[in-house]
Structures are given as C-alpha cells and as structure tokens.
Amino acid sequence: MQAIEIEPKLRELMGIAASVDPGLEYRLEEIWRWIKDMRPGLLMQKKFLMGFLLEVIKDAEFWLALKVLTDEERELFLNQLTPPVRYWYEFLFPKWFNEKDNKFYIWKQKLRSGEFNQEDAQLIDLIAQKIKIREGSLVQRYVADFSMATDAIVSSNKGRPLCVQVTSISDDFSDHKYEEWKKTLKDWNIERGIFVSYNPGKEEFVSQVVNLVLHNSSHLEESKYLKFSF
C-alpha cells in the first residue's frame, strides 16, 4: 500500500466499522485525524509511522472480516490461528480500541516526529527466529510494544500465549522498569508475562532467553509477572 492510499483506506474502514464496531470506528477516526494533514511524501519518510499505520489497517480489516462470520464460522477460523495471533485478535486488539490507552498520545507524538526507534529490533528478530525453529510461535505489534510493554506475544508448541518484554537496561534501573511493566500488564488485564533484563556481553544469552520464554509459556501460572536478569 502506498502512502497516498492510507487516508482513504482509513476512511473506508471507519465507514464499515460504524455499523459493526463503534469502538474500532472511534480509534480509526482518532488515527485518521492524527495523520490526515500529512503529505504522502512526508509519510513515506517516516518508516515506523508507516509500519504502524499499515499494521493497524491490516488488523482492522481482519477484525471486521471476523465480525461478519457466524459464531461457528468464527470459531473454526480462529482455531486455525497460532495461539499468540488468536490471543491478539480475540483479546488484546479489541481491548485496545475499546478502552482508553493512556500512552497513546505520547507515542503518537514520537512516531510523527520521528523520535521513535527500535533499539532491540535485531535482538527480537533473532529471538523470533529461534522460537520458530523450535516450533514455537509469536506475534509482534506496535500497539503491544508501545502501549502494553510487550515486545512479543509468544507460545511454545504446547503452551499458551505469554507477553514478553526484553531489555538491556542495567540492574540499577531494571527494578523500576519492571514495576512499571507489571503495572502496565495489570492495567490491560494481561494475566501472564515475563520481563527479561539481559547483558548483551554474555555468550549464549539469546538461547537463554528463548529457553526461558518457551518454558514459561507452558508452565507460568495465571496472574504471574516474573523478572529475570542474566
């Protein structure tokens, strides 16, 4: 999709959502008003903003397609999705557009101004590759990252969706960040999550993170938010 197509596509989806899901219509309109005055050329220059917009459009299209299915058809379709993807569409995505997002106004400004950067993007991609090699699955979303303190939603091949935050912040600050992370997950009613603070200088830390994530996907109890440092 080209940048010039973003605004009309948002308006189209708003029109469909108006009679299907007013919460989604409101969130899409909020996004549309935010970017409607931006020239397509300027929009194209902002990589992360474009990524977010394309992701929201894709998710909104998917959600609206689900809404027109019968309950039986929807269940059959959802059963074909990986656990993290199903969790995103069944729970977190609709929760985001139906409830107040206290962080939305902050990261909207950062995306538009170009301040945002994904410092841990390469690490998360490497972790994702290793999880898939081990027959796990995951989903990543800008909204989950920005508003829900979640770098990835992960599941082992026999586990359940687990929200994961990975950071290289030093131990002097990780306790404070952990407490903020835990509060964010509770605010969104996310019932399980792990916070991993790592030392990039240590060998094999990526494999350690993958082992940790997959194990906790299968074994972490509800209402548990664990912190690991290594």
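Colleague: Which residue follows helix 7, and is its phi positive or negative?
Modeller: G114 follows helix 7, and its phi is positive, near 85°. A helix here is a DSSP run of H or I, at least four residues, numbered from the N terminus. This is a predicted model: local features need pLDDT of at least 70, side-chain atom pairs pLDDT 80 or more, while totals for chains, interfaces and linings use all residues. Numbering starts from 1 along each chain as its sequence is written, and side-chain values use heavy atoms, without hydrogens or water.

Colleague: Why does K9 count as buried?
Modeller: Buried means under 20% relative accessible area, exposed over 50%, partly exposed in between (1.4 Å probe, protein chains only). K9 has 17% relative accessibility, so K9 counts as buried. K9 sits in helix 1 (residues 6–18).

Colleague: What puts the buried residues of helix 7 on the same side?
Modeller: The buried ones are F104, W107, K108 and L111. They cover an arc of only 110° around the axis, so they share a side of helix 7. The arc is taken over directions from the helix axis to the C-beta atoms. Y105 and Q109 are exposed on the other side.

Colleague: How do helix 2 and helix 7 pack, and which residues make the contact?
Modeller: Their angle is about 35°, and their axes are 12 Å apart. Axes are lines fitted to C-alpha atoms over the stretch in contact, with angles from 0 to 180 degrees between N-to-C directions. Contact means heavy atoms within 4.5 Å. R27, E30, I31, W34 and I35 of helix 2 meet F104, K108, L111 and R112 of helix 7.

Technical notes: Helix = DSSP H or I, 4+ residues; strand = E, 2+ residues; numbered from the N terminus.
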